[in-house]
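Please look over the sequence and the structure shown here before reading on. The briefing that follows takes one topic at a time.

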Amino acid sequence: MKVLNIVETAYRATLEEQDDTILWLSQSFHHADVDISILLRGNAINYLVQGQTPFNLSFGTWQQTQPPALDRDLEMMMAKDIAVYAIANDIQDRALPSDRLIEGVLFIQKSEIAELFEQFDHVWHW
Amino acid sequence: MSPQTLSIAIMDAPYESANSTTALRIIHSALNQGHHVHVFAYEGAVNLTMKAQAPHANAIKGTTVEEENHPTTKDWITALFQLAKAKGVTLKWVNCGLCVDERGAGDWIDGVHRGGPQDFIQSVQASDGVLVIPTR
């Protein structure tokens, strides 16, 4: 089964979850032998920026460790042969510097989205 | 600066939004600077203080419970109550009773009280500042 998970909402409770829940879920699907791919769009394309450094989170004496590392999570997913697509127009709209993006991402134009969808049995927009 | 009182209304459930973490950071900052804080937790925010919350391992990353140090909002809020005590200020936390009932969410950490909108209004009237953090 080929599934495309579209991630659009970015940084949704990632400090509490320590990851993006849909990226996590996608890896879980992958372990269940689903042929999963990711399409980042909207603000979620910021996950591609290298060197994201969450601040040190603390409440009283509670020191939170293990912050989310979304760029590295995506790199780990690609190392497992999970394809990661991103909409180039959304990167250009936000003027994200191309030399700071992680490598291995497959960029498509908005005009190519429908063609991409045709490659999958299911397309789930989270 | 003499101690001021801040009232905060929050709505977001744990693990759903950055709003809850932001609200707790504001509360931490206010308490840490010696101010009193009154919290009115409305709708899904009543789940922030559930006693039964438990950290978990992360099978995807291959980390144990200890390695992951997965946060729970009830632990964060417990730390805020401890901070208030250490600073000699008040953290008053009221969970909306009707919101609790409809969610079956009544088993909380120590220091949390049941209340209603009237408690929020009374807190507002007694406060120097009010912050409402709605859900979206």
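**Where the two chains meet**

In this predicted model, 20 residues of chain B are in contact with 17 residues of chain A, where contact means that the C-beta atoms of two residues, placed from the backbone, lie within 7 Å. This is a predicted model, in which local features need a pLDDT of at least 70 and side-chain atom pairs count only at pLDDT 80 or more, while totals for chains, interfaces and linings use all residues. Residues are numbered from 1 along each chain as its sequence is written, and chains are lettered from A and ligands numbered from 1 in the order in which they are written.

**The side of chain B that touches chain A**

- Two helices, α1 (18-32) and α3 (73-87) of chain B, each supply at least two residues of the side that touches chain A; helices (H or I, at least four residues) and strands (E, at least two) are DSSP runs, numbered from the N terminus.
- The largest share of this side of chain B, seven residues, comes from α3(B).
- The residues of this side divide into ten nonpolar, seven polar and three charged, where Ala, Val, Leu, Ile, Met, Phe, Trp, Tyr, Cys and Pro count as nonpolar, Asp, Glu, Lys and Arg as charged, and the others, Gly among them, as polar.

**Confidence**

- The predictor gives the complex an ipTM of 0.79 and a pTM of 0.87.
- Chain B averages a pLDDT of 95, and 100% of the residues score at least 70; pLDDT is the predictor's confidence in each residue, from 0 to 100.

**The sheet of chain B**

- Five strands of chain B form an open sheet in the order β4-β3-β2-β1-β5, with parallel pairing; two strands pair if DSSP finds at least two bridges between them.
- The edge strands of this sheet are β4 (112-115) and β5 (129-133) of chain B, each of which pairs on one side only.
- From one strand to the next, the twist averages 20°, with axes taken as lines fitted to C-alpha atoms, for helices over the stretch in contact, and angles running from 0 to 180 degrees between N-to-C directions.
- Strand β1 (residues 5-10) of chain B is joined to β5(B) by five bridges, the two running parallel, and B:Ile10 has B:Ile133 in β5(B) as its bridge partner.
- Helix α5 (residues 117-125) of chain B packs on the sheet, where it touches β1, β2 (36-41), β3 (91-96), β4 and β5 of chain B, and its direction makes about 155° with that of β2(B).
- β1(B) also pairs with β2(B) in the parallel sense over six bridges, and B:Leu6 stands opposite B:Val37 in β2(B).
- Five of the six residues of β1(B) are buried, a residue being buried if 20 or more other C-beta atoms lie within 10 Å of its own, exposed if 12 or fewer, and partly exposed in between, with C-beta atoms placed from the backbone.

- Chain A has an open sheet of five strands in the order β6-β5-β2-β1-β7, with parallel pairing.
- β6 (106-108) and β7 (122-125) of chain A stand at the edges with a single partner strand each, so one side of each is left without a neighbour in the sheet.
- β1(A) and β7(A) pair in the parallel sense over four bridges, and the bridge partner of A:Ile6 in β7(A) is A:His125.
- Helix α2(A) packs on the sheet, touching β1 and β2 of chain A, and its direction makes about 170° with that of β1(A).
- The buried residues of helix α2 (residues 21-31) of chain A are A:Leu23, A:Ser26 and A:Gln27.
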